[in-house]
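We will go from stop to stop, selecting something new each time.

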Amino acid sequence: MKSLSLYFSPTGGGAKIAHAIKQSIDGQECGSQYSLNLNKKSISEEDGEVPDMPVIFTVPVYGGHMPKIAMERFDNVRSLTGQPAILVVVYGNRAFENALTDLEAFVRDRGFNPVAAAAFSCEHTYSDSDTPIAVGRPDEEDLQAAMEFGRLVRGKLMKGDHSPINTSDLKDEPSSEESVKNFIAFVREYQARQANAPKTYLPILDSSRCVSCGECRDVCPTSAIFEDFTVDAARCIKCCACVKSCPTGARTFFSPFASVLSRNFSERKSPHWIL
C-alpha cells in the first residue's frame with residue numbers, strides 16, 4: 001500500500017509526525033515522491049487531482065482552528081473517487097479544539113472520505129528557554145505513537161474498511177480547571193487591551209548576532225522577510241519558523257501568550273486518535 005502525504009509544517013514538528021504515520025501505512029513501500037511539503041507553495045489546479053491512494057493531511061492548530069494559510073495551500077486538492085483521508089493536527093500542548101472538525105469539513109468538501117484522525121502535541125511556536133511549552137516534541141515517544149496510529153490505519157484499510165469517522169467524537173485531553181480559567185481570563189484581558197490600544201507583535205532581529213545567512217528568509221512560509229531582514233507585518237503569520245531556524249539566535253519573538261501558556265499548560269498531553 002502507498003499513501004500520499006500533504007503537510008503544512010513551518011517549524012517541522014508536523015512534518016515529523018506525518019512522516020512517521022506514512023512510514024507505517026506504506027510499510028516497505030514508503031517513498032518520498034509521495035510526500036508534498038506545502039510550506040512554500042500551494043497545490044496548483046493542475047496538480048489538485050491527487051493520485052487514487054489514501055491521503056494524509058497534516059496541519060498545525062492556530063487558535064483552536066485549522067489556519068487560513070493551510071486552507072489556502074490545500075485549496076485546489078480534489079478527490080474524484082472518494083478516496084480515504086487521514087486527518088492529522090498538531091498543537092502546542094494546550095488544545096486542538098475545532099481544528100480537526102475544520103479539517104474534516106475541508107476534505108469532505110473536496111470529495112475525500114475521512115477514515116481516521118489524530119491530534120499530536122508538538123513544541124509550541126512561542127516556546128523558548130524562558131517560556132518552555134512542550135519542548136522537544138515530537139519526541140521519540142510521540143513518533144512511536146504516530147507509527148502505531150499508522151499501523152492501525154493500515155490495518156483498517158487493508159481489511160477494505162473505509163468506514164468514515166466523525167472528528168467531533170475525538171475530544172481534547174482536559175487541562176485542570178484552574179489552568180483553563182487562568183487562560184480564559186488572560187484572553188479576555190488581552191482582547192480588551194487590543195481593543196483599546198492595538199499592538200502588532202513581530203519577530204525581531206539582533207543585528208549584532210545576525211550573520212546574514214538568509215536562513216530566516218528561506219524558511220519563511222509567506223515570504224514575509226525582506227532582503228534587509230525586516231519583516232512585513234501584513235504577511236507574517238507568527239509561526240516563528242525564522243526564530244527556530246536561526247543558527248545564531250539572532251531572531252526572537254515575544255508574545256504575551258507565551259508566559260500564560262507555559263505556566264498553565266506544561267503537563268504533557270498525549271496523542272489521541274479515532275478510526
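In which helix is the place of F74? Select F74 and you land in helix 2, residues 68-74. Helices here are DSSP runs of H or I with at least four residues, strands are runs of E with at least two, and both are numbered from the N terminus.

Before moving on, please note that this is a predicted model, in which local features need pLDDT of at least 70, side-chain atom pairs count only at pLDDT 80 or more, and totals for chains, interfaces and linings use all residues. Residues are numbered from 1 along each chain as its sequence is written, and side-chain values use heavy atoms, with hydrogens and water left out.

**Stop 1: around F74**

Is F74 buried or exposed? F74 counts as buried because its relative accessibility is 1%; buried means under 20% relative accessible area, exposed over 50%, and partly exposed in between, with a 1.4 Å probe and protein chains only. Now show its contacts (heavy atoms within 4.5 Å). Leaving aside neighbours within four places in sequence, F74 touches L6, Y7, F8, L38, I43, F57, T58, V59, F106 and R110. Next, select S3: 71 residues separate S3 from F74 in sequence, and their C-alpha atoms are 17 Å apart in space.

**Stop 2: strand 1**

Select residues 4-7, which form strand 1. In a regular strand, side chains alternate between the two faces of the sheet. Here L4 and L6 are on one side, S5 and Y7 are on the other, and all of them are buried, leaving both faces covered.

(Two strands pair if DSSP finds at least two bridges between them.) Look for F57 in strand 3, opposite L6. In strand 2, L36 is the bridge partner of L6.

**Stop 3: E104**

Jump to helix 3, residues 99-109, and pick out E104. E104 has 9% relative accessibility, so it counts as buried. Beyond neighbours within four places in sequence, the contacts of E104 are L87, P114, I165, N166, T167 and S168.

**Last stop: zoom out**

Show the whole chain, with its 8 helices and 8 strands. Its C-alpha atoms fill a box of roughly 55 × 45 × 35 Å along the principal axes. Of its 275 residues, 49% count as buried. Among contacts between residues at least 6 apart in sequence, 81% join residues at least 24 apart.
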